[in-house]
Structures are given as C-alpha cells and as structure tokens.
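Here is a short note to read alongside the model. Please keep the structure open and check each point against it.

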Amino acid sequence: MRTFNGHYDGEHLNHVAFPLGGIGAGMVCLDGIGSLSHVSVHHRPDVFHRPMMFAALKIKGGGTARVLEGPVPMCKAFGHSGSGMGHSETCWGLPRFAEASFQTRFPFGHVSLRDKAMPVRVEIAGWSPFIPGHADDSSLPVCALEYRFINRTNKPVRGVFSFHARNFMQEQSGTIGEVRPLAGGFLLSAKRKSLSSADAAMSPFVVMNWKVSGSHEPITVAAWQAPSERAGWKDYANMAGPGYVPIGSQVPSNTCTSLAATTFQVTQAGRYSILLGHDGGARLFVDGREVAQELETINPALMERTRVELELTAGEHELFIIQDRAGGRGQGIWLRFGWPASRSSASEPTWPTAGYKVETTTKDPLGEFAAWTDAPGAVNDVAWYRTGGFDPLTMLWRRVESGKVEARALPDHKQSSPGGSLYVPVNIKAKGQTTIRLMLAWHVPTSAITTGQDQLASSSGNCGAGCGCSKTPATYQPWYATKFSNMDGVVRYWNAEYARLHRASTKWSDCFHDTTLPAEVVEAVAANLTILKSPTCLRQHDGRFWAWEGCCDTGGCCSGTCTHVWNYAQAMPHLFPDLERTLRETEHRESQDEKGHQMFRANLPIRPVEHNFHAAADGQLGGVVKVYREWRISGDTTWMAGLWPQVRKSLDYCISTWDPNREGLLIRPHHNTYDIEFWGPDGMCGSFYMAALKAAVEMGRELGDDVHAYAELYDHGVKEMKKRLWTGQYFFQEVRRDAVEPSEQIRSSIVEERELIDAEGPKYQYGTGCLSDGVLGDWLARVSGLGGVLDDRMIASHLDSVFKHNFQENLHDHANCQRPSYALGEEGGLLLCSWPRGGKPSLPFIYSNEVWTGIEYQAASHMIMMGRVDEGLAVVRAVRNRYDGRYRNPFNEYECGHWYARAMSSYGLIQAFSGARYDAVTRTLHLTPAVAGDFRAFLATATGYATVGVRKGKPFLKVAQGTIAIDRIDYIPAKAGAGKTATKTAKKPAKRSR
C-alpha cells in the first residue's frame with residue numbers, strides 16, 4: 001500500500017497530473033512521469049489536452065537519446081480518445097527513462113528519473129508561485145520546470161538538453177499560427193485569420209454574434225408558432241467552445257420558451273446541411289422560413305438531432321431557433337454547418353468561434369505561449385520540417401539524436417514552423433550536478449466566455465452608484481491581462497521576479513509541511529489546494545474572484561461560484577482572504593435584489609443578475625455566516641459594516657420566505673445543494689438557519705444595531721430543532737406536503753409519478769434518513785469562529801450515527817443508480833445518506849447514494865472537532881486510498897466535474913486537529929487541539945502565516961511570514977487520551993482482482 005504523503009511509483013503513477021499555474025490564470029499539469037498534460041490556457045478546461053511537448057537529453061558518446069520522462073503508463077495505450085488510431089500525435093514512442101517516481105510538496109511537484117543505461121539521474125521540480133496573502137503573485141500565467149542532472153559516474157558528462165513543443169496555440173479554428181524566436185527559447189502564437197477571397201472556397205461560413213432573447217413567454221400556441229420580434233435581445237458569446245450556445249441558462253423556468261438568433265455569412269452559394277443539436281422540442285427558421293421542426297423531447301441531448309438540407313445563396317442569412325424547455329434539460333443548442341454537396345468528399349469544417357467577423361484582421365494575437373531558459377549557450381530552433389504526417393517529429397528526433405546545438409530559422413516566410421525547440425549544452429563534472437531552468441508562460445488576453453442573464457431594466461439591485469457595471473466588458477477578461485498588456489511583459493516579470501517568487505513559495509511550503517498532523521491529513525489538504533490552480537477558478541479584469549463548481553472536459557461545469565457549494569471550501573478564506581471577500585461582495589450586491597433575494601450563481605463577467613430562480617437556502621444563509629467569518633479573519637469592521645445592510649436584508653428575506661410564521665424552522669420548500677427543494681424543516685438547512693441568526697446577532701451587536709428579534713428567533717429555533725427534528729440519535733427531516741398552498745403543489749402529467757407523489761409526498765426528500773452533512777451549518781459555524789449552534793452531545797451523536805451507518809469500508813454490495821464512478825466496487829467511502837430507521841422514499845433526494853469527497857472531508861473534520869479522531873481519519877484514508885494514482889488523479893478530486901470546489905473542505909482538517917484559529921477582531925489566538933500532547937500545525941491569517949502548536953505542554957506561535965498581533969492566547973488542552981475514542985476503524989482496502 002502506498003504511504004500517505006509519500007512517493008507515487010509504479011501503477012500509482014498512472015493518472016498523476018499535478019496542476020501548475022496561477023489562480024484564475026490557466027493550467028499546465030506535470031505528470032508523474034515528467035510529461036506535460038491538461039494544457040488549459042484559454043480560460044476553459046481542456047482536461048485531456050496533451051499537445052506534443054517534451055524535453056530530451058542526448059549524452060555525447062552515450063548511445064540513445066532519451067525523452068526526460070518515465071515509461072508511459074500502459075493504461076493510456078487504449079481507452080482514451082484517439083487510441084484506436086495509435087496516438088500518432090504524441091511522443092510516446094520515443095526512448096525514455098526506465099523508472100520514474102513522483103512526490104509533491106505543494107506547490108512543488110518532484111519527478112525522479114532513473115535508467116541504468118544513462119550516466120545521469122534526473123530530478124525535475126515543477127512549480128508555480130503560491131504565496132498566501134499575496135493574491136497577485138499567486139495569479140500569474142506562469143510555471144517552471146527545473147531539470148537537475150546528477151552525474152553518477154567518475155567521469156565528466158557532456159550532452160545536450162532540449163525542449164520541444166508543437167504549436168498547440170493554433171488549434172482553434174479560424175486562426176493562423178506563428179512560431180517566433182525568443183531569447184533562450186521560442187514563442188507559439190495564434191492570430192485571427194482574415195477571410196480573403198482565397199479563403200472563401202475553403203471556409204464557406206462566417207458566423208456573426210449570437211443574440212438571445214431577454215424576454216421569455218410561457219409555452220403557448222402563439223409563442224410556439226413562429227418567430228416574432230422580442231424585447232431585450234442581447235449579444236451572447238460562446239461559453240463552452242465553438243458551436244455551443246447555452247441558452248438554457250437564460251430561461252426563467254421549464255415552462256418558458258427559449259429563443260436564439262444569429263446571422264451568418266455564406267461566401268459560396270450551394271446546397272448545405274444544417275445540423276441542430278438539442279434536447280427539447282425545437283423549430284428552426286432560416287430567413288423567416290421554417291426549415292425544420294422536432295417537437296418530441298429526448299434526453300439526453302443529441303448533438304446532431306435535427307438535420308436539414310437547403311440551398312443558400314452567397315450573402316448574409318438569418319437563423320432563428322425556438323426551443324421548448326418544458327420537457328428537456330434545456331442545457332443549450334449545438335449547431336454545425338455541412339459542406340455543399342459538391343464538396344461532400346471533404347471533411348466538414350468546424351464551426352467558427354462566436355464573434356468571428358469578416359472584418360477581423362491578423363493584427364493582434366489571440367494567445368501566446370512561451371518557453372525559454374536562462375542557461376548559458378541556449379539557442380532556439382524555429383525551423384521544424386513543414387510537411388504533414390509523421391515527418392516533423394521524425395526529423396526533429398533525428399536532430400535530437402545528433403546532439404547539435406545550432407540556432408535555426410526558416411529560409412522563407414510562406415508558412416510558419418509547426419513548432420519550436422530550444423537546445424542547451426550540458427557539461428557535468430564527475431560526481432557533479434547541474435540544473436537547467438525551463439520557464440513557461442502564456443498570455444491570452446480575451447475570451448468569448450460569458451454566463452448568466454443580465455438584470456432586466458425593470459428590476460433593481462443593490463449595486464448602488466459607482467458600482468462600475470457600465471464599464472464591465474462583454475466577455476470575461478483575465479486579471480493578468482490588466483497587469484500585462486502583452487507576452488513581453490509576462491516574460492520580463494517572470495525573469496525578474498523568479499528568484500523572489502521561488503523563495504517565497506518555498507518558505508510557505510516549508511512552513512505548511514512543518515507539521516506533526518497525520519500524513520493522510522496533510523496529503524488531503526495539499527492535494528486539494530491544486531483546485532485553486534485549476535480552470536475551476538477564474539479571476540476577472542478587476543481582480544475579483546469567480547469560479548465554476550468544477551470542470552467538464554472542455555468547459556466549466558455549473559457556473560457562478562455557487563454559494564451552497566462554496567460553503568464547504570475553507571482554503572481560500574484563510575490563504576487569500578482578500579479574494580474571498582470579493583465573493584461576499586458579489587453575493588450581497590450584484591447577486592442580491594432589493595427584496596433580499598440572492599441568485600446563488602453570479603454572472604460572469606460579474607454584473608447584476610436577473611432574479612429568475614429560487615434562492616438557495618443553504619447558500620444564502622451560509623453567506624451570512626461567511627461574512628462573519630471574513631470579518632473575524634480580517635479584523636476589518638468597516639468592511640463588515642459596509643455589507644451589513646445587505647446582509648440584514650438577505651436574512652430577513654430568508655425568514656419571510658421559508659419561516660413566515662417565525663417558528664425557528666425552515667417550513668416552506670427551500671432549494672439546496674442537492675439541486676432540489678426540501679419540503680419541510682430539516683437538520684441540514686436548519687443548522688444553517690441557526691448559524692446565520694447567531695452570526696447576525698454577533699455582527700449587529702458589534703455595530704450597535706437592534707438584533708434582539710434575531711436572538712429570540714435563534715433561541716426558539718434551537719429548541720424547536722431539538723423538539724421536532726431529533727430522533728434521539730441524529731437530526732432528520734420532517735417532510736411537509738402541507739408546507740405550501742394547494743395551488744403550489746407539485747403537479748405531473750406522468751401517471752406513475754403523480755401516483756407516487758400522492759402516496760409518499762414530494763419527491764427527492766430524505767425524511768427519516770441519516771444525512772452525512774445533516775448538521776452542516778454547525779460545522780460552518782465552528783470553522784468560522786462562531787462556535788457550535790446546536791447541543792454538543794446531539795452533534796456528536798449525529799456524527800456517530802453518520803460514521804456507523806454511512807461509512808462503508810467496501811461498496812461491493814451498495815446499489816447506486818446515480819453516479820457510481822466517484823466510489824464503487826471494493827472501494828470505501830462515506831455515503832451521502834442512509835435510512836437506519838427505515839422509511840427510505842422510493843425516490844429519495846438525487847445523489848443520495850453517491851460519495852462526495854467534499855462531504856467526506858467536511859464530516860471527517862466535524863467528527864475530529866467533536867473528539868471522534870479515529871473515525872474522522874478513517875474517512876480521510878478512504879478518500880485518499882481511492883485517489884492514489886492507480887485509477888484516479890490524486891490531484892483532481894471530482895464530483896460534478898474535475899477539481900470540484902467542495903473538496904476544499906479538506907482544509908478544515910487543519911483547524912479540526914489543531915483547534916487553531918486567529919481572531920483579528922480581538923487579537924486572540926484560540927487553541928483547542930483535538931489530540932492531547934505536543935504538536936505542530938500550520939496557521940494562516942490575513943497578515944501572515946506561522947507554525948502553531950504545543951511544545952512541552954505550553955502553546956506557542958512561530959511567525960514565518962508577515963506579522964500576527966496577539967494580545968491573548970486562549971488555550972484549552974485536550975483531555976488526556978483524547979483522540980483514542982474509535983468505535984470503528986478503517987481496514988486496508990481489499991485487493992482488487994486483476
């Protein structure tokens with residue numbers, strides 16, 4: 001079994017891919033064998049993007065040249081896209097080192113390469129700046145690989161190091177590529193391709209900007225019959241790649257039509273195919289004439305469901321689509337054009353990017369990627385062989401094997417080089433070593449990404465004067481593009497600041513890893529800090545943070561820094577509190593209206609939203625608690641006071657909407673993180689309610705506001721939860737089908753669904769179930785510095801029940817009809833819910849049979865806080881045993897998408913074990929460790945970071961960076977023997993059959 005927080009070797013290297021890059025700046029992954037993958041620099045995920053990019057070493061007089069990578073895991077030989085064609089686009093067939101191992105000390109990933117046939121062993125250190133408290137330095141579009149060559153022999157070694165990359169920046173359609181020399185390296189770029197007469201025959205279509213209707217009508221005969229003028233048409237650029245228009249996100253409800261329109265330019269008359277992908281009913285109009293109709297709903301959506309052929313003249317045409325979302329998922333539409341019949345033997349062209357216009361020019365680059373080194377004697381080669389097929393790589397490898405170090409440029413400019421290389425002479429003394437530093441950077445200043453529906457003119461929000469909404473760009477622009485206007489600026493900065501940023505990142509890494517916490521805990525926390533470097537996270541032009549929930553393979557998954565998902569994420573508020581505070585500002589300003597209703601998904605670019613969906617009870621109530629948390633972390637009472645009117649309005653909305661009779665319980669249906677509404681009061685959202693009330697009381701009293709009504713409601717609510725939602729072992733849900741008026745009851749046209757609802761009540765409830773995050777609000781209150789909001793004995797009992805009934809050492813006999821790949825078979829994990837008292841609904845809440853790492857870590861840290869140390873560790877071990885590199889990437893814990901934000905709940909494990917929390921308002925260090933005896937742990941504050949712990953029975957704080965002003969240490973030692981209360985321990989996972 002692999003050692004936690006140790007090396008990855010053998011089959012554990014199969015899926016290791018360690019993210020490098022800045023927060024919201026894009027990502028390149030260093031694989032466990034030393035290769036580069038998941039290259040995502042265009043502001044969207046490209047999870048399986050493995051452009052041909054590799055380093056090599058040729059030892060003079062030493063035989064075969066080697067790629068500086070270990071053996072290619074054989075699991076990649078088949079099963080991935082393109083495997084049936086032999087993966088000719090890779091360098092996998094080139095000689096490489098015989099052995100590899102990988103270890104991480106975040107933000108550094110270390111690869112070791114060995115080969116008995118080579119006189120040197122190689123150590124690769126991949127990293128990118130990560131400096132808590134310094135968001136700008138941690139948001140740079142850069143990374144580096146330091147190659148250290150260690151001579152194993154008693155003789156000098158001479159050789160040539162080289163690095164090579166195909167121009168993958170040109171992969172976007174409608175672009176031309178260029179490879180240019182750079183001092184010590186090369187630069188890959190792509191520019192927009194002008195549409196000339198010569199291009200017309202090869203590119204018969206140019207799409208103009210999409211427009212989506214800002215007003216939506218209920219599905220009626222009139223609305224469904226034919227296109228008409230609609231109010232509030234808005235430009236809408238592509239969100240997730242060419243050809244996809246996510247119009248479903250613009251529609252208020254499933255009872256409305258969605259409408260989209262575009263114009264397109266035909267440069268060559270002829271007969272064409274239009275292919276429309278969708279999931280609901282749809283009608284397609286061209287130039288006002290209906291050309292296709294598909295009224296049946298099919299799920300899942302089909303990419304090319306409706307096809308029509310028609311004659312089109314040269315010139316501009318109008319396309320109009322009506323989609324019926326009543327029965328479909330409404331995720332969007334896909335559109336492709338086919339070639340004219342006369343060109344049917346040619347491959348179909350890709351759909352041009354939204355915004356591609358005839359008048360575009362090649363003046364400004366769409367994006368650039370640079371690779372260079374400051375090693376003496378480095379030269380560049382931007383003269384790759386320019387024919388197709390295997391020829392470029394064949395000729396490139398011949399050059400690598402020759403051991404030549406010679407700068408080369410193309411003899412003409414008719415066509416750019418397909419890639420670039422750099423070469424460096426290497427001379428290593430006997431038993432000596434040398435290091436070559438390879439620096440990588442990218443600059444993609446714009447995107448076509450935008451999400452969310454704009455606020456209607458008739459609506460009003462909380463932005464106020466001077467909010468800057470009118471200056472918001474139409475599409476997402478990265479923060480780094482405001483700091484660096486071009487690639488030259490990035491290169492200069494990376495060269496000038498490299499040493500400083502390396503020292504600062506190393507200093508933080510050393511402090512973080514200087515700990516006595518269990519190895520599995522350190523591994524779990526560090527592995528999920530990579531989420532901040534993944535495409536899950538974006539940082540827009542003004543520096544504000546915004547994120548997806550996770551990443552689909554080629555696009556973001558679930559937009560808007562979803563408030564109920566980010567309730568769990570505890571890393572950023574401590575490591576980058578200034579970025580976290582921007583989330584609270586967005587939630588309570590752009591995403592909140594005058595009534596206090598919050599949309600739990602923020603627009604991108606950040607701007608006022610249209611309030612056309614439920615508020616999320618756990619997300620909105622959690623936001624109140626998190627304002628309190630950010631206040632205590634920052635000590636900035638002025639900041640908190642500035643948000644207080646909106647916070648109070650938000651809480652008042654929650655009370656009036658879900659607890660109109662002020663019973664202290666969320667009575668009316670309330671939306672939550674399970675993407676459904678809970679009908680009737682429940683422990684999970686109820687604990688959020690109590691936490692929000694308690695936080696509001698604390699903040700209001702600090703500001704001298706009258707909050708006695710909140711205090712009374714809190715006291716009453718705690719009593720009601722104990723009285724009505726406590727089984728004696730755990731908190732449950734009281735399902736209430738009478739929670740709304742009869743006219744608001746769920747209706748269904750499906751007979752069997754209607755019968756089930758009549759028999760059991762609303763679908764998707766948990767009722768008598770034991771929910772793993774059934775007291776989640778209490779956990780958030782504790783990690784936020786509020787303390788518990790429910791009785792400690794009841795909380796402990798609930799968590800005991802969760803461990804007893806929901807934790808499975810082996811899922812072999814578990815039935816999961818939902819999304820099983822998170823944990824399955826002989827793996828262990830914590831189920832979201834169980835029904836030990838019976839009463840499981842026929843259709844319980846969706847996802848109930850799944851295993852989510854974000855909830856596993858949350859529940860584990862809550863257990864540890866309540867003295868259940870061994871139980872919490874058992875859960876953590878089960879997660880990290882699943883993510884051990886054999887079948888999953890250890891640095892990509894997924895839920896609804898890769899690098900799922902909820903998994904940053906793992907950061908709460910530090911506080912759970914150490915009990916360390918700094919209150920900047922009172923300048924107090926609180927220290928309530930869960931385990932007796934001496935220990936060391938990491939502590940981050942808004943003004944610095946430190947090692948904190950107990951030494952020889954006395955508390956201590958050793959500041960490593962910045963300053964931490966402390967007036968008092970509140971130390972409560974753990975009871976003797978604390979941490980030894982296990983009732984059920986994790987076993988080694990059963991061996992898999994092979």
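**Notes on the predicted model**

1. Twelve of the 14 residues of helix H18 are buried, so the rest of the structure largely encloses this helix. The model is a predicted one. H18 covers residues 869-882 and reaches 20 Å from its first C-alpha to its last, close to the 20 Å expected at 1.5 Å a residue. Among its buried residues are Val 869, Leu 873, Val 876 and Val 879.

2. When you look along a helix, keep the repeat in mind. An α-helix has 3.6 residues a turn, so residues three or four places apart point the same way.

3. Three strands form an open sheet in the order E2-E3-E4, and their pairing is antiparallel. E2 (17-20) and E4 (36-40) are the edge strands; each has a single partner, so one side of each is left without a neighbour in the sheet. From one strand to the next the twist averages 25°. E3, residues 27-31, pairs with E4 over three bridges.

4. How many bridges join E11 and E27? There are ten, between residues 157-166 of E11 and residues 419-428 of E27, in the antiparallel sense. Within this pairing, Val 160 faces Pro 425 in E27.

5. Now the aromatic side chains. A pair of aromatic rings is described by the distance of the centres and the angle of the planes. The model has 41 aromatic pairs. In one of them, Phe 18 and Phe 102 have ring centres 6.0 Å apart and planes at 55°, and the pair is tilted. It links distant parts of the chain: Phe 18 belongs to strand E2 and Phe 102 to strand E7 (residues 99-105), 84 residues apart. Both Phe 18 and Phe 102 are buried.

6. Another pair is made by Phe 678 and Tyr 766. Their ring centres are 5.2 Å apart and their planes stand at 65°, so the pair is edge-to-face; the cut-off for that label is over 60 degrees. This pair also links distant parts of the chain, 88 residues apart: Phe 678 is in strand E34 (residues 677-678), and Tyr 766 is in the loop between helix H14 (751-760) and strand E35 (770-771). Phe 678 is buried, at a relative accessible area of 0%, and Tyr 766 is buried with 0% as well.

7. Phe 18 and Phe 102 also belong to one aromatic cluster, whose members include Tyr 8, Phe 106, Phe 130, Trp 508, Phe 891 and Tyr 945.

8. Two arginines deserve a look. The charged end of Arg 539 sits over the ring of Trp 479, 4.5 Å from its centre. Arg 888 lies over the face of Tyr 883, at 5.6 Å from the ring centre.

9. Check two cis peptide bonds. One runs from Phe 106 to Pro 107, with omega near 10°; Pro 107 lies in the loop between E7 and strand E8 (108-114). The other runs from Leu 604 to Pro 605, with omega near -10°. Pro 605 is in the loop between helix H9 (577-588) and helix H10 (617-634).

10. Finally, look at the loop between strand E32 (556-557) and helix H7 (563-566), where Cys 558 is found. Phi of Cys 558 is near 65°, a positive value in a residue other than glycine. Thr 561, in the loop between E32 and H7, has a positive phi of about 45° although it is not a glycine either. Are these two residues buried or exposed? Cys 558 is partly exposed, with a relative accessible area of 28%, whereas Thr 561 is buried, at 6%.

Notes. Residues numbered from 1 in each chain as written. Predicted model: local features only at pLDDT ≥ 70, side-chain atom pairs only at ≥ 80, totals over all residues. Heavy atoms only, no water. Pairing = 2+ DSSP bridges. Helix = DSSP H or I, 4+ residues; strand = E, 2+ residues; numbered from the N terminus. Axes fitted to C-alpha atoms, helices over the stretch in contact; angles between N-to-C directions. Phe/Tyr/Trp six-rings, centres within 6.5 Å; stacked < 30°, edge-to-face > 60°. Buried < 20%, exposed > 50% of the residue type's maximum accessible area, 1.4 Å probe, protein only. Lys NZ or Arg CZ within 6 Å of the ring centre and 35° of its normal. Expected span 1.5 Å × (residues − 1).
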